[in-house]
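Have the viewer open as you read.

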Amino acid sequence: MKEYYNIVVVGAGPAGSTAARIAAQNGAKVLLLEKDREIGIPVRCGEAVGETGLKRILEPKPEWIANKIEAVRLIAPDGTIVKVYHEDIGFILDRKRFDYDLAMMAGLQGVKVVTKAYVYGLIYENGAITGVKVLHLGNHFQIKVKIVIGADGVESRVGRWAGLKTNVRLKDMETCVQMTVSNIKLERSYCDFYFSNQIAPGGYLWVFPKNEHLANIGLGISGEHAAHKAPLLYLKEFIEKRFPEAAVLTTVAGGVPCAPFMDKVVTNGLILVGDAAHQANPLTGGGIIQSIIASEIAGKVAAEAVKENDVSEDRLSEYAKEWEKENGSSHRRAYRLKEAVYKLTDDDLNRTAAAISKKPPEKQTIVNIFKTALIQHPKLIPDIIKMFLN
Amino acid sequence: MIIVKTDLCDFCGICVSVCPVDVIELFEARLVIDQQKCTACLNCVKVCPIRVLEFDK
């Protein structure tokens, strides 16, 4: 680790590694810092991703893909199963390999990668951010940079230190727990989503198979609901009931900001990406693709700003503007739908499943499912159509 | 004050994000709360997926 870089990226998840790689590709000297001992673990993620989305950002490597998904099934509170008619297929990733590879790709572009490096503060000179304070293997370092990219995940303290409002309201935080379990028997080509206020109030429970005998089973519920009963308890009850013989190989906790679109993601000398910038889709909680797209923009803008020797908020706003254009209206749409969907009662959900089940398979589309579920919200129909037909 | 049951903690950082006064610090395997500055809003206690935090009057 040297004393000076053009750009420091805090956090080596998919967002951080991508921002670092693209900035380096565009000529910047980049330092990528990760607080944990190894990139890619622990995996705090259900690991599902759409094929179209993934291929938009990167050519998938076979070793990233644990399993191919052919269909999504939605399970209503009364047990009715709706198989969603859809042409896009999906993947269950091996996030450990995926994250590791993204960091490796950054390294191949000349990015200096340092693990076990904890960033605990920003350095200011004459009111401008000029670096970060780092604790690495018991030693304190001051690293001078032109731009700090905060990719520090759900905690998002880097942004807060610079005065950006990254803290999340309880109602907008999905609080999650996931177990990777074996000794179960599943249809490996289906991703199952359970919607029920008994199983996962203000969210959903997922069963994402890695093969016939291994799956990520997790749930996310809103922080408001979690106040009354712990997500871990909901998940234990579900697994004991549905998969009593399951062997639990891993348990991870985590949070996903399912928050309104964050307008202000830059300030003088600082850019936020990924969960730190609340870029996950608030309806689904999925964030890998959006984070990587945003980070590509951020890395490029940051490298150019360094070259021009102008790291002002005004200059870096090019990233915020491009990101708004890329995802602003789609994010706001998803947030509106989330607000309505997670207020549905179990009766609403059962009614929806019953009505959809009567339709022919090719009419059991995600658009029709949402239209039926949100029949009391005709104003949301344009949102539903735009959200899922793009 | 907020008690951290470190043995149970998964160090996921969700509590850090909902703290309105930014007094929680997460290291790789250590969670530190500045009790002097904590306003006892209990957001962190409520949001924790695995109930690591407890409020003790």
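Predicted model: local features only at pLDDT ≥ 70, side-chain atom pairs only at ≥ 80, totals over all residues.

The residues doing the touching on the helix 1 side are A:P14, A:A15, A:T18, A:A19, A:A20, A:R21, A:I22 and A:A23. Helix 7 of chain A brings A:I288, A:S291, A:I292, A:S295, A:E296, A:A298, A:G299, A:K300, A:A302 and A:A303. Sort the residues of this contact by class and you get eleven nonpolar, four polar and three charged.

As for geometry, helix 1 covers residues 14–25 and helix 7 covers residues 288–308, and their axes sit 7 Å apart at an angle of about 30 degrees. That angle is why helix 1 of chain A counts as roughly parallel to helix 7 of chain A.

## The nonpolar core

Which residues touch the most other members of the largest nonpolar core? They are A:I7, A:I149, A:I271 and A:A302, out of 144 residues in that core. Helix 7 of chain A supplies the largest share of it, twelve residues.

Leaving out residues up to four places away in sequence, A:I271 touches A:I147, A:I149, A:V265, A:V266, A:A298, A:A302, A:L316 and A:Y319.

## Helix 9 against helix 10

Helix 9 (residues 346–357) and helix 10 (residues 366–373) of chain A cross at roughly 135 degrees, with axes that come within 9 Å. The two are therefore oblique to each other. On helix 9 of chain A the contact uses A:D348, A:T352, A:A355 and A:I356, and on helix 10 of chain A it uses A:N368, A:I369, A:T372 and A:A373. By class, that contact has four nonpolar residues, three polar and one charged.

Notes. Residues numbered from 1 in each chain as written. Chains lettered and ligands numbered in written order. Axes fitted to C-alpha atoms, helices over the stretch in contact; angles between N-to-C directions. Helix = DSSP H or I, 4+ residues; strand = E, 2+ residues; numbered from the N terminus. Parallel < 35°, antiparallel > 145°, perpendicular 65-115°, else oblique. Contact = placed C-beta atoms within 7 Å. Nonpolar A, V, L, I, M, F, W, Y, C, P; charged D, E, K, R; others polar. Core = buried A, V, L, I, M, F, W, Y, C linked by C-beta atoms within 7 Å. Buried ≥ 20, exposed ≤ 12 C-beta atoms within 10 Å, placed from the backbone.
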